[in-house]
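Student: Could you show me how to read a protein structure, one feature at a time?
Tutor: Gladly! Let's look at it together.

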Amino acid sequence: MKKALHILLWGLLTSLPACEIPFELKQEGEPRIYLQCIGDGSGIYVNPTYAAPLAASSANLEHLSVQLQVNGSPVDVQQLNDGSYFSDTRLQGGDLLDVSVKADGMAPASGSTRAPSKPVVQDVQLKNMQVDTIKATRISLTLDHAPVEGEYFGIQILANTQISYMDGTSQEFVTYLTPGYILSVAESGNFDLEDFVQVNFDGTVLGGKEFMPITLITQKQFEGNVYSFYLNSFDTSILDNIRKSMPGGDTGVIGGGIISGDIGTGTGDLPDPSNIPTGMETLYYVSFSALSAEFYNYAKTLYQSNFDFLSNMGLTPANFTWSNVTGGLGFVGALATCRLDAIQIPEES
């Protein structure tokens, strides 16, 4: 899925007469523990669930136990009301996290990851730009070093808009944004879906239906030690068209980010058209994270499941998910997040 050309190719394939590549799915095997374990500078979350074989019924995990170790030493774990587990142990760069989950009648599941160091953002630059009819803002983040191959990052952008009305009331709207890289129609030939590898991430679990995308970043998106992106750029409309063209109302929603259909406008009631607005202010909150290789690899396969069109149509075998869990399914990963000061876009002079 390197270029937008692949999207056109998919369109051509769907216009061809239906065909199939037969392959067998073995409906045998034992149930497994599926877990997501994510550690960062605020704590460690473990979400274990029951994974049933194909065509088998689901069940609950009985007499579940969760053990965590950081650098070989056990740490306290508590069960939360939603059935997940949490440790307030805060990971530092280089810490080794090990998790082991056991339940009656199930094979134990275990995995490990090493926590990355928090990225150091030395400078943030803003610049308003206009090309053709597109008005956008370029935000450039300068790190303390130029990333090398094998370093992975992620960015989440939250926009908080406050609207004031003549009657003295106000409304707040919150939504997540996708960083853009293309400013004009002339650059659209450089559109690459690999620049928009995203999954929904609420801080405790990857995937899910709520639109909270974290966009994955590799060395490719940097120029030296500078990572730049646009707000309100031309590729936003390209992504919207891709979403509307994806088959099936809920196709790919587990991966988040690039999902089918509309993504909505975030939280907040729709404005009252009879109430006259008198002012509006938007603040942008950017979270820039270093990711462990395990976090990145698992997140990317979730994203790729969004585009598993051909297997959904019976044209290719299914795209199976990457895992670093022994004896079970899922992943153990870590991240370290730098939260920037609120950004307000300056008015053009």
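Tutor: Keep in mind that this model is predicted. Its accessible surface comes to about 18,300 Å², and 51% of that belongs to carbon and sulfur atoms.

Student: How many helices and strands make up the secondary structure of the protein?
Tutor: There are four helices and 18 strands.

Student: How do strands come together in a sheet?
Tutor: In general, strands of a sheet pair through backbone hydrogen bonds, and the pairing can be parallel or antiparallel.

Student: Which residue stands opposite S73 in β4?
Tutor: That is V70. Strand β3 (residues 65-70) runs antiparallel to β4, and three bridges join them.

Student: What share of the residues is buried?
Tutor: Of the 349 residues in the protein, 44% are buried, meaning under 20% relative accessible area.

Student: Which residues touch the most other members of the largest nonpolar core?
Tutor: They are L206, Y227, F229 and F288, in a core of 51 residues. Helix α3 (residues 293-305) gives this core its largest share, six residues. There is also a second, separate core of 22 residues, with I33, L61, V66 and A103 among them.

Student: And how far apart in sequence are residues in contact?
Tutor: Take contacts between residues at least 6 apart in sequence: 71% of these join residues at least 24 apart.

Note on methods
Residues numbered from 1 in each chain as written. Predicted model: local features only at pLDDT ≥ 70, side-chain atom pairs only at ≥ 80, totals over all residues. Heavy atoms only, no water. Pairing = 2+ DSSP bridges. Helix = DSSP H or I, 4+ residues; strand = E, 2+ residues; numbered from the N terminus. Core = buried A, V, L, I, M, F, W, Y, C linked by side-chain atoms within 4.5 Å. Buried < 20%, exposed > 50% of the residue type's maximum accessible area, 1.4 Å probe, protein only. Contact = heavy atoms within 4.5 Å. Areas by Shrake-Rupley, 256 points an atom, 1.4 Å probe, with all protein chains shown as cover.
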